[in-house]
Amino acid sequence: MSHKRMPKRKAAIAVGGVAALGAAALLLPNANASQDKNDAAGAAGTAKTLKASAASDLSAQLQKLLGDALAGSYYDSGKQQLVVNVVSGDNNIIQQAQKAGAVVRQVENSTSELKAAARTLKTKATIPGTAWAVDPRTDKVVVTADSSVTGAKWNRLQSTVQSLGSGMASLKKSAGTFKTFVSGGDAIFSQVQGGNVRCSLGFNVKASDGSPAFLTAGHCGVAAKDWSDSQNGQPIATVDQATFPGNDFSLVKYDDATTQAPSDVNVGNGQTVQITQAADATVGETVFRMGSTTGLHNGQVTGLDATVNFQSETDPNGVDTVNGLIQTNVCAEPGDSGGSLFTQDGGAVGLTSGGSGDCTSGGETFFQPVTAALQATGATLGDGGGAGDQAGAGDQAGAGDQAGAGDQAGTADPSASAGDQAGAGDQAGGDQIGGSADPSASAGDQSGTGDGTGTGDQSGEGTGDGSSSLTGSH
């Protein structure tokens with residue numbers, strides 16, 4: 001493939017395909033059930049039926065209107081309604097939210113109290129193999145520990161969660177191990193000392209200087225500078241910015257300024273989904289992920305502003321913490337890292353970062369928000385030379401004191417083995433709203449907690465050996 005004029009199939013957002021988007025929706029027509037376990041206390045007949053994108057807009061409006069009285073919100077995809085939590089018994093506040101078209105639910109914990117709990121976890125329980133996010137559906141901080149958290153570390157984590165109180169936080173176990181995923185949609189490769197690095201291209205963008213570029217994972221950009229579209233090919237792109245840990249995104253510029261980089265996602269079988277805007281994720285909405293290892297999969301957003309503590313690659317006793325991530329039950333495996341997370345109506349949502357499990361057993365998966373990556377790099381979505389303003393590139397709202405987001409990139413050989421991907425798991429959600437998704441699209445086709453292991457060795461061929469621990473490998 002010539003990097004001077006990249007064929008659309010390869011230049012399209014790097015997400016190698018297995019099945020078309022429409023096929024995934026048709027195969028799972030009834031999977032998009034509401035995850036809300038509580039009966040909302042809204043006034044009968046007042047709640048509006050909304051798509052996730054409209055629910056995002058309504059949530060933002062209510063956040064400005066209600067301020068601290070709003071304690072999170074989420075999208076009930078089954079009823080297609082926005083549910084907002086309020087901590088005040090003020091009937092005027094409740095009536096304002098209901099009049100706007102939301103379902104109102106009164107809860108005990110305020111956003112400030114939940115953020116304080118997240119800060120306590122950060123101070124006392126930043127342990128490799130742990131993650132936490134605020135779940136607006138339970139009004140709690142949900143803490144997840146992977147299989148590597150045992151002994152004294154588990155006791156420390158459990159004690160910290162218990163100190164917050166059962167009404168404020170809950171603790172759950174994941175059978176797999178958290179790690180970053182190498183590879184993804186259309187594969188990109190780099191040769192470094194010790195072997196090849198393989199990651200996935202996330203979304204094609206236009207850099208702030210107008211040159212064609214793409215977003216990928218920060219841990220990939222830190223690992224290697226020059227990237228090719230074939231395993232032994234000449235480099236076609238060079239890392240311009242890379243951030244990991246803390247956040248996890250890279251901006252990589254094509255070496256040839258005439259490279260065509262269309263804003264679409266290749267979902268396989270010659271089909272693409274046009275990307276029209278960047279969108280903030282919404283808890284409860286349906287999202288799709290494309291990757292070269294496992295193809296097209298879908299599921300639901302379960303949390304926002306999540307914190308994940310990966311085992312450091314450079315310090316055996318260190319932790320690589322990534323903040324501000326989107327948490328989902330969409331599965332992924334090594335080779336999918338950096339692949340595109342998007343909505344059916346063309347919203348660019350996230351870049352595959354890491355997680356636990358695989359696409360057989362399920363697990364938890366985390367994504368770098370695209371809006372945060374665009375805002376930090378100054379890039380915009382759009383065809384190679386065109387303007388491409390994107391909507392929704394805003395601040396992530398959400399509980400927890402984390403800011404930023406880890407966006408992983410990476411493309412991999414479709415034969416790369418499975419590492420610990422995320423699948424279903426009833427993860428905690430942040431109190432953020434945003435993003436767009438067709439509520440009629442099927443929910444995730446993954447279920448169960450992931451006990452998939454696999455190597456996730458981002459620096460080699462990425463074949464899973466079923467034994468790797470939480471690591472931010474490339």
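A disulfide is taken here as a pair of cysteine sulfur atoms within 2.5 Å. The structure is a predicted model, in which local features need pLDDT of at least 70 and side-chain atom pairs count only at pLDDT 80 or more, while totals for chains, interfaces and linings use all residues. Residues are numbered from 1 along each chain as its sequence is written, and side-chain values use heavy atoms, with hydrogens and water left out.

A search of the whole structure under this criterion finds 2 disulfides, and when the bonded cysteines of the protein chain are numbered in sequence order, the pairing is 1-2, 3-4. In one of these disulfides, Cys331 and Cys359 are joined with their sulfur atoms 1.8 Å apart, and the torsion about the S-S bond is about 90°, so this disulfide is right-handed. Cys331 lies in the loop between strand 20 (319-328) and strand 21 (340-342), whereas Cys359 lies in the loop between strand 22 (347-358) and strand 23 (362-369), so the pair ties together parts that are 28 residues apart in sequence. Secondary-structure elements are DSSP runs numbered from the N terminus, with helices (H or I) of at least four residues and strands (E) of at least two. Cys331 counts as buried, at 0% relative accessibility, where buried means under 20% relative accessible area, exposed over 50% and partly exposed in between, with a 1.4 Å probe and protein chains only.

The other disulfide joins Cys199 to Cys220, with an S to S distance of 2.0 Å. This pair links distant parts of the chain, since Cys199 is in strand 9 (residues 195-200) and Cys220 in helix 7 (residues 218-223), 21 residues apart. The torsion about the S-S bond of Cys199 and Cys220 is about -85°, so the disulfide is left-handed. Cys199 is buried at 0% relative accessibility, and Cys220 is likewise buried, with a relative accessible area of 0%.

Helix packing was examined next. Helix 3 (residues 52-66) and helix 4 (residues 91-100) pack at an angle of about 160°, with their axes 11 Å apart, which makes helix 3 roughly antiparallel to helix 4. For these values, axes are lines fitted to C-alpha atoms, for helices over the stretch in contact, and angles run from 0 to 180 degrees between N-to-C directions; angles under 35 degrees count as roughly parallel, over 145 as roughly antiparallel, 65 to 115 as roughly perpendicular and the rest as oblique. Leu58, Leu62, Leu65 and Leu66 of helix 3 make the contact with Ile93, Gln96, Ala97 and Ala100 of helix 4, contact meaning heavy atoms within 4.5 Å.

Leu58, located in helix 3, is buried, with a relative accessible area of 7%. Leu58 and Ala100 are 42 residues apart in sequence, yet their C-alpha atoms are 7.7 Å apart in space. When residues up to four places away in sequence are not counted, Leu58 touches Leu50, Leu82, Ala100, Gly101 and Ala102.

Helix 5 (residues 111-124) and helix 6 (residues 151-164) pack at an angle of about 155°, with their axes 10 Å apart, an arrangement that makes helix 5 roughly antiparallel to helix 6. In this pair, Ala117, Thr120, Leu121 and Lys124 of helix 5 meet Arg156, Thr160, Val161 and Leu164 of helix 6.
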